Amino acid sequence: MIAQIRSEAYKLATTRTNAGIAAAIVGLVSLAVLLHAFGLPVEKLGNQYQQRGIFIDVGVNLGILFAALLGALSITSEFRTGTIRPTLLVTPRRAQVIAAKTLCVLLAGAVTGVLAAGTAAGAGSIGLTIRGVTVELTAGDVTRLLVGAGAAGALWAAIGLGVGAVIRAQVPTIVGLFAWVLFIENVLGGDLPSAHRFVPGALAQALGGQVRDGILTSAALAAVLLAGYAAVAAITGMSAMLRRDVA
Amino acid sequence: MTGLDTAADPVVVERLTKRYGRTTAVEDLSFTLNAGTITGFLGPNGAGKSTTLRLLLGLAAPTSGTAFVFGRPYAELASPARAVGAILESGDFHPARAGRGHLRMLALAAGIGWERVDEVLDRVELGAAAASRPVRTYSMGMRQRLGLAAALLGNPRLLLLDEPINGLDPTGVHWLRTALRGFAADGGTVLVSSHVLAEVAQTVDRVLIINGGRLLADAAIDELAGGRNLEDAYLQLTAEAAS
């Protein structure tokens with residue numbers, strides 16, 4: 001098991017995918033948060049509640065999106081390139097492969113979440129300051145944002161891995177994850193806030209400290225529920241790997 | 001320690017059947033490979049050769065029957081990379097990862113030291129500069145050599161090779177033939193599928209010919225050809241099966 005974890009960590013380190021994801025996070029999160037900081041009227045940016053809302057919207061949402069992407073790619077790229085075959089020849093006990101991948105993407109997903117949230121808070125604060133708006137966030141807000149985004153990123157990476165292990169094909173997996181986070185959850189948030197509170201993206205926002213309609217107020221409950229989603233996804237992915245042939 | 005049951009035949013396939021929906025890829029196939037032999041695995045495209053290899057390697061599950069290596073299903077081998085080496089498809093590499101990186105990734109999972117990576121790279125004559133380049137820059141022949149290096153990584157006792165000659169230049173083909181013979185002379189066992197019958201005739205001790213997932217012939221190469229060349233024997237058997 002330790003050997004497989006080392007191999008999976010080595011895989012993550014030896015393609016440029018993750019450097020690309022990190023660069024995309026920094027670029028996109030900075031762009032999005034600066035568009036808010038410079039584009040919105042000052043009366044929508046001035047207080048602690050508003051600023052925290054923007055940083056969480058941008059940092060946590062993009063963080064979980066890229067964490068899910070990273071988790072999904074860790075398995076779909078193996079199917080796309082064919083490396084799943086040598087991987088399973090060396091480690092034919094497939095549960096070990098998925099377990100090792102899960103551990104690695106939990107860690108990488110946490111880093112992804114923290115990076116996105118940190119970039120949102122950093123670039124957002126700089127943008128607000130340049131515009132002459134005082135940054136009202138407390139150290140507690142920022143800590144909650146970073147810790148929550150890290151936890152959400154970890155769990156969303158496991159969700160991405162599970163979805164990827166079931167779907168296997170890279171493009172449908174990524175399109176599905178993006179459509180869920182960027183479109184379906186937004187629609188639910190607007191139209192069905194009582195149900196939206198329990199979907200995985202809204203739970204990630206709750207972990208980051210978001211306070212608004214359609215978001216749970218209890219971080220502990222959000223953490224338990226999101227961990228539940230991640231566990232179900234990982235177990236479903238593992239069972240699909242155990243059951244199905246590898247062509 | 002590999003925990004390998006060396007008393008068991010390296011490969012025992014019994015009444016192996018694999019269906020995909022209504023399509024039967026392998027049907028009631030039985031054969032045994034003995035240690036120290038090289039066996040050619042022949043048949044037209046779609047005959048079921050690759051499926052048989054996947055079933056032996058635990059990538060696919062049989063519909064019925066068994067495919068055992070060293071007395072057990074592949075997935076139950078204590079240390080599979082030290083028992084069996086395989087080439088399945090020359091494309092099984094991440095294009096952005098260097099050849100050496102591919103082998104190191106496998107070595108880590110198999111608990112094999114990285115010094116062995118350089119040994120097998122030397123063995124397949126893939127130079128240090130080439131091994132450091134991403135696989136996307138490799139020629140077909142270089143991919144085959146890298147695939148073979150991966151197969152040899154754990155110093156296995158059985159090689160299952162699907163079309164390993166494809167894309168190799170004449171020097172590479174000669175090198176592979178010599179390497180396989182040396183491997184078998186040391187007691188290793190090889191099952192090699194190929195469409196290059198002239199090359200097979202020079203390399204193997206035995207041939208298995210399948211068509212439509214069924215076994216047509218399992219014979220020593222001299223017996224099968226019976227004075228004819230392998231190509232004539234192969235064409236006659238597969239034509240009879242088709243008619």
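Author: Val11(B) stands opposite Leu33(B), a residue of strand 2 of chain B. Residues are numbered from 1 along each chain as its sequence is written, while chains are lettered from A and ligands numbered from 1 in the order in which they are written. The model is predicted, so local features need pLDDT of at least 70 and side-chain atom pairs count only at pLDDT 80 or more, whereas totals for chains, interfaces and linings use all residues. Helices (H or I, at least four residues) and strands (E, at least two) are DSSP runs, numbered from the N terminus.

Strand 1 (residues 11-20) and strand 2 (residues 23-33) of chain B run antiparallel and are joined by seven bridges. Two strands are said to pair if DSSP finds at least two bridges between them. Two residues separate the strands of this hairpin, where Gly21(B) has a positive phi near 60°. Strand 1 of chain B also pairs with strand 4 (residues 64-69) of chain B, again in the antiparallel sense, over five bridges. Val11(B) has a bridge partner in strand 4 of chain B as well, namely Val69(B).

Together these strands make an open sheet of three, in the order 2-1-4 (chain B), with antiparallel pairing. Strand 2 and strand 4 of chain B are the edges; each has a single partner strand, so one side of each has no neighbour in the sheet. From one strand to the next the twist averages 20°. (Axes are lines fitted to C-alpha atoms, for helices over the stretch in contact, and angles run from 0 to 180 degrees between N-to-C directions.) Thr17(B) is opposite Ser64(B) of strand 4 of chain B. Helix 1 (residues 49-56) of chain B packs on this sheet, touching strand 1, strand 2 and strand 4 of chain B, and its direction makes about 65° with that of strand 2 of chain B. Contact between two residues means that their C-beta atoms, placed from the backbone, lie within 7 Å.

Chain B has another open sheet, of six strands in the order 5-6-7-3-8-9, with mixed pairing. Its edges are strand 5 (84-87) and strand 9 (214-220) of chain B; each has a single partner strand, so one side of each is left without a neighbour in the sheet. Direction ignored, neighbouring strands of this sheet are turned by 15° against each other on average. Within it, strand 3 and strand 8 (residues 206-211) of chain B pair in the parallel sense over four bridges, and Leu42(B) stands opposite Ile209(B) of strand 8 of chain B. Helix 7 of chain B packs on the sheet, touching strand 3, strand 6 and strand 7 of chain B, and makes about 145° with the direction of strand 7 of chain B.

Helix 7 (residues 170-185) of chain B has 16 residues and reaches 23 Å from its first C-alpha to its last, close to the 22 Å expected at 1.5 Å a residue. (The expected span is 1.5 Å times one less than the number of residues.) Leu176(B), Leu180(B), Phe183(B) and Ala184(B) are the buried residues of helix 7 of chain B. They cover an arc of only 90° around the axis, which puts them on the same side of helix 7 of chain B; the arc is that of the directions from the helix axis to the C-beta atoms. A residue counts as buried if 20 or more other C-beta atoms lie within 10 Å of its own, exposed if 12 or fewer, and partly exposed in between, with C-beta atoms placed from the backbone.

The cover over these buried residues includes strand 3 (38-42), strand 6 (158-162), strand 7 (189-193) and helix 8 (197-203) of chain B. On the face of helix 7 of chain B turned away from the buried side, Pro170(B), Thr171(B), Thr178(B), Gly182(B) and Ala185(B) are exposed. Just after helix 7 of chain B, Gly187(B) takes a positive phi of about 100°.
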